[in-house]
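Visitor: I would like a close look at a single part of this model, with the cut-offs stated.

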Amino acid sequence: MRVLIVEDEEKVSRFIVRGLTAESFAVDSAADGRSGLELATTYNYDLIILDLMLPVLSGTEVLRQIRRKDQRVPILMLTAKDAVSDKVEHLEAGADDYLTKPFAFAELIARVKALLRRGSVERPNILRVADLELDRLSQQVRRGNRRIELTAKEYALLEYLMTNAGRVLSRTMIIDHVWDQSFDGATNIVDVYVRHLRGKVDDGQDKKLIRTVRGMGYLVGDEADT
Amino acid sequence: MNTRSIRFRLTVWYAGLVAGLLVLFGAAVYIGLGEYLRSTLTESLTKEAQQIGETLLVNVNLSGETYVTDEIKEHFAPEINGLFIRVTRADGSTLYESGASRDGTFDPRNIKSRGEKAGTSRVEGLPNGTKLMISAVPFTSRDGETFVIEAGAPLKQSESVLHGLLLTFAVGLPLVIAVAIAGGYFLMTRALAPVGAITRTAEQITSRNLSERLPEAATGDELEALSIALNRMIARIEHSFRHINRFTADASHELRTPLTVLRGELEGLSRRTDIPDDARETIESALEESERLAKIVESLLAISRLDAGEALMNRELFDLAELTDDTVDQMRLLAEDKQIKLSCVAENAARVEGDSGRLKQVIVNLVDNAIKYTGEGGNVEIRVAATDGSARLEVSDSGIGIPPESLSHVFERFYRVDKARSRKLGGAGLGLSIVKSICKAHGGTIKVESNDGKGTRFTVDLPLANDDGADSRRSNVKEER
């Protein structure tokens with residue numbers, strides 16, 4: 001998979017390149033709008049990550065010009081602004097997704113993967129992590145032979161964690177997916193739910209599957225995974 | 001009526017001045033007219049006395065005294081005309097004295113002879129109360145005999161004129177003063193009307209509509225100058241307010257890029273497996289702080305947006321009771337975790353128009369706070385009700401309460417009642433500021449009451465939406481879909 005990143009902040013660009021390379025992407029980068037547009041129109045990228053505020057040619061303009069030539073390539077906009085109007089404007093101008101700085105790298109990866117998956121919906125009915133099994137059709141969860149009873153929210157939380165198994169999910173991401181942005185305040189709702197979920201999933205088990213990654217968030221995974 | 005108002009005070013001053021001037025003027029007229037009447041009376045009496053002397057007494061030695069008295073009686077008929085005439089010889093004896101007037105106003109026998117005061121006029125008061133003006137004129141006949149001729153008339157006539165004048169003043173003055181008060185009040189009301197308009201508009205200008213201006217009446221007077229000056233002041237406030245808001249927005253914005261770098265680099269580092277545990281610990285701690293910093297930046301930006309009136313893009317009509325019920329349901333576990341009894345009474349619909357996501361944030365923040373500051377086994381109660389024109393959300397708890405001296409500060413940015421405690425709970429002191437900004441942006445209010453140690457109650461009032469409009473809009477949306 002070949003990804004282009006157009007971002008004038010060298011350091012931001014650098015850690016994204018590094019992170020995506022570690023995830024086995026081939027990454028090109030451009031530091032201003034014009035060279036970004038040149039690269040975008042010269043090569044066939046699977047995905048373009050485009051910053052909104054760029055020198056020479058603004059991100060909005062680059063977006064328009066790319067869309068004039070190529071309707072298909074997924075474009076993820078990065079921005080330090082988050083006014084709803086901007087968001088709507090850029091989605092209408094042809095951006096596929098929108099990420100506000102500062103973001104968790106895990107979120108960037110999740111969105112990149114979601115955009116690349118687009119079209120081919122890979123949604124297995126059964127999610128498995130070690131001996132933990134979640135059946136999306138019957139909405140049942142089992143750990144080994146034991147059936148686990150979960151509330152609706154706990155189920156939604158576990159499903160989200162298991163869909164992204166092996167990946168650290170930030171509290172903000174969890175709140176956005178399982179609750180909604182309104183809960184992203186001072187509340188420690190995620191921690192409380194994760195603790196309850198952990199009590200049902202991991203208590204009495206030798207192998208703990210739900211792990212806390214300090215400063216980053218939570219992760220579900222077999223230890224062998226990471 | 002406000003007795004301290006400019007209108008009242010100026011009217012009083014004005015009326016007082018008019019009254020004072022009128023009294024002065026009236027007194028001058030009264031005294032002047034009295035003087036004038038007296039002097040004309042004196043003058044005509046003197047003339048009469050001189051006439052008697054020049055026509056009758058001049059040849060008294062030839063014509064004889066009887067002739068003189070007869071002539072006086074015939075020409076002047078003093079008794080009929082109410083005149084007093086007396087002619088006194090040099091030795092003080094009376095040559096002639098008129099009789100009592102027919103109308104009985106005076107009797108000359110009561111008037112003492114004062115021959116020595118020849119050439120003067122005097123007012124003689126009689127025992128019956130009548131006042132006579134008497135002029136005495138000295139006269140020397142051709143053969144050198146001297147006489148004093150006195151002519152007098154009652155002052156009654158001129159006195160009745162003065163009396164009439166006084167009466168006119170007594171009736172007219174209060175009338176004129178009343179007109180002056182009414183006129184003055186009316187004029188002041190008219191002159192001060194722009195002040196009322198300026199006051200009303202000024203009252204309505206808040207941080208959210210600073211672009212509004214006061215009415216500037218192009219009257220060219222002081223009030224125009226005042227309104228222009230006030231408008232310039234509002235413009236300066238608007239400018240600095242915008243500046244502050246833009247500064248907050250710019251600062252938050254500029255902080256995001258370094259935060260992104262910080263976080264990205266730290267995350268990258270923590271993914272590596274070859275780092276020692278203590279270094280990992282440091283990285284994780286730094287990540288936590290960068291996360292917190294990011295939250296503060298977000299919150300500040302949200303507040304400055306809300307205060308600038310930009311952030312309510314998603315206006316819709318919804319039921320606050322329903323929203324509250326759903327939101328509280330999602331937070332039950334937080335309460336259960338501390339064995340707190342969480343009850344929500346939101347039975348009747350309370351439709352409001354606004355950004356439901358933002359208002360949900362209000363509910364989340366208030367309920368979250370209530371749970372945080374309530375000890376195990378306590379109560380948190382949420383109520384939603386529609387009461388006369390407003391949708392009311394009440395969140396009360398049986399928690400630690402807020403000390404009275406902190407109560408007025410809880411909505412301030414970065415204010416924390418108990419710094420150590422709230423930091424441990426992860427707050428930056430911005431939650432309630434956001435809540436307040438959201439309420440204000442919706443045209444609502446929030447207030448807090450607290451019994452230190454016994455609990456706190458937050459009350460949010462939002463304007464109720466017009467339900468007819470709500471239904472029609474809803475159906476529109478459905479049709480569109």
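What covers the buried residues of helix 2 of chain A?

Guide: This is a predicted model, in which local features need pLDDT of at least 70 and side-chain atom pairs count only at pLDDT 80 or more, while totals for chains, interfaces and linings use all residues. Residues are numbered from 1 along each chain as its sequence is written, and chains are lettered from A and ligands numbered from 1 in the order in which they are written.

Chain A has eight helices and eleven strands (DSSP runs numbered from the N terminus: helices are H or I with at least four residues, strands E with at least two). Of its 226 residues, 38% count as buried (20 or more other C-beta atoms within 10 Å of the residue's own; exposed is 12 or fewer, partly exposed is in between, and C-beta atoms are placed from the backbone).

Helix 2 of chain A spans residues 33-42, and its buried residues are G33(A), G36(A), L37(A) and A40(A). They lie on the same side of helix 2 of chain A because they cover an arc of only 100° around the axis (the arc of the directions from the helix axis to the C-beta atoms). On the other side of this helix, E38(A) and T42(A) are exposed.

The cover over the buried residues of helix 2 includes strand 1 (2-6), strand 2 (26-30), strand 3 (47-51) and helix 3 (59-69) of chain A. In chain A, 56% of the contacts with a separation of 6 or more are between residues 24 or more positions apart (contact: C-beta atoms, placed from the backbone, within 7 Å).

Note on methods:
Contact = placed C-beta atoms within 7 Å.
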